[in-house]
Amino acid sequence: DPVFFTSDEIVAKTIEFMYPDQDSFPPEPKDMNYDMESFVYFKDSLYLFTKNQTQPFDGYTRMYTIPAKEGRHVAKYRGRYYCGAGPKELYWITSADISPDGKSLVLLSSMGIWRFTDFINDDFFGGKVSVFILNHITQKEGIAYINNNDLYVADERFVLMGVPRGGKLYKVHLPD
C-alpha cells in the first residue's frame, strides 16, 4: 500500500548492528565478506546478504538476520550460499528481494539472478535454487519484484573504452 507523507521532514529510526564473527576492522583480505548491499524484510526481520570481496575469492554470500526494529543488534549468522568461483565482480551479490507472496527470494549479481523457492519458513538456502544468466554483464545494483514472476533490474552507468554503458532499467520475466 502507498504511504502518504504530510510533511517535508521525516524522522528516521535507526537500526545499528554488528556481525558476531567479525573481529578485525577492516578485516584481513581473506575475511572480506562483511560488506552488505543486499537485504530483504521478511516476517519481522531483516535478512542481510554479503557482497563477498575475499582475497582469494571464495565465492560465498553469507546470510545474517537482525530484528526489523530500532536499536542495536548483533546479527545472527544463518548460513552461506556458493555463487561461483569468480572473478568476484561477476559473482558478488549486490541486491536482493522477496516476492510479494513471500515464496521466492532473488539475489542479483552482475551476471545473473539466483531464485530460491520451496524453502521452509526462512531457510532460503535450503530450498530449490534456479540460476538465470543475464545476456549482458554490467554492474547490476538493484532488483525488485513487480509481481511474483516479473522483476525490475537496474544497472550502474559507467564508461568502458570511451563508450557509455549501463544506467538502465530492465524488465525480467522468470518462468514458473
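Tutor: Pro 56 is found in the loop between S3 and strand S4 (60–67), where helices (H or I, at least four residues) and strands (E, at least two) are DSSP runs numbered from the N terminus. A cis peptide bond joins Gln 55 and Pro 56, with omega about 0°. The model is a predicted one, in which local features need pLDDT of at least 70 and side-chain atom pairs count only at pLDDT 80 or more, while totals for chains, interfaces and linings use all residues. Residues are numbered from 1 along each chain as its sequence is written, and side-chain values use heavy atoms, with hydrogens and water left out.

Student: Which peptide bond ending at Pro 26 is cis, and where is Pro 26 placed?

Tutor: The bond from Phe 25 to Pro 26 is cis, with omega near -5°. Pro 26 belongs to the loop between strand S1 (15–18) and S2.

Student: What makes the phi of Asp 44 and of Asp 118 worth a remark?

Tutor: Most residues other than glycine have a negative phi, and most peptide bonds are trans. Asp 44, in the loop between S2 and S3, has a positive phi near 70°. Asp 118, in the loop between S9 and strand S10 (128–133), has a positive phi of about 55° and is not a glycine either.

Student: Why is Asp 44 called exposed?

Tutor: Buried means under 20% relative accessible area, exposed over 50%, and partly exposed in between (1.4 Å probe, protein chains only). Asp 44 has 57% relative accessibility, so it counts as exposed. Asp 118 has 61% and therefore counts as exposed too.

Student: How do you know that the rings of Phe 17 and Tyr 19 form an edge-to-face pair?

Tutor: Rings of Phe, Tyr and Trp (its six-membered ring) pair if their centres lie within 6.5 Å; planes under 30 degrees apart count as stacked, over 60 as edge-to-face and the rest as tilted. The search of the whole structure finds 14 aromatic pairs. For Phe 17 and Tyr 19 the centres are 5.5 Å apart and the planes stand at 90°, so the pair is edge-to-face. Phe 17 has a relative accessible area of 31% and is therefore partly exposed, whereas Tyr 19, with 7%, is buried.

Student: What makes Phe 119 and Phe 124 an edge-to-face pair?

Tutor: Their ring centres are 4.8 Å apart and their planes are at 80°, so the pair is edge-to-face. Phe 119 is buried at 13%, and Phe 124 is buried at 0%.

Student: Which residues do ring pairs link into a cluster?

Tutor: The cluster consists of Phe 17, Tyr 19, Tyr 34, Tyr 64 and Tyr 77.

Student: Why is Lys 51 said to lie over the face of Trp 92?

Tutor: A charge sits over a ring if NZ of Lys or CZ of Arg is within 6 Å of the ring centre and within 35 degrees of the ring normal. Lys 51 lies over the face of Trp 92, at 4.1 Å from the ring centre. Arg 80 lies over the face of Tyr 60, at 3.6 Å from the ring centre.

Student: What makes a nonpolar core, and which residues touch the most other members of the largest one?

Tutor: A nonpolar core is a set of buried Ala, Val, Leu, Ile, Met, Phe, Trp, Tyr and Cys residues joined through side-chain atoms within 4.5 Å. The largest has 20 residues, of which Phe 49, Leu 107, Trp 114, Phe 116, Phe 124 and Phe 125 touch the most other members.
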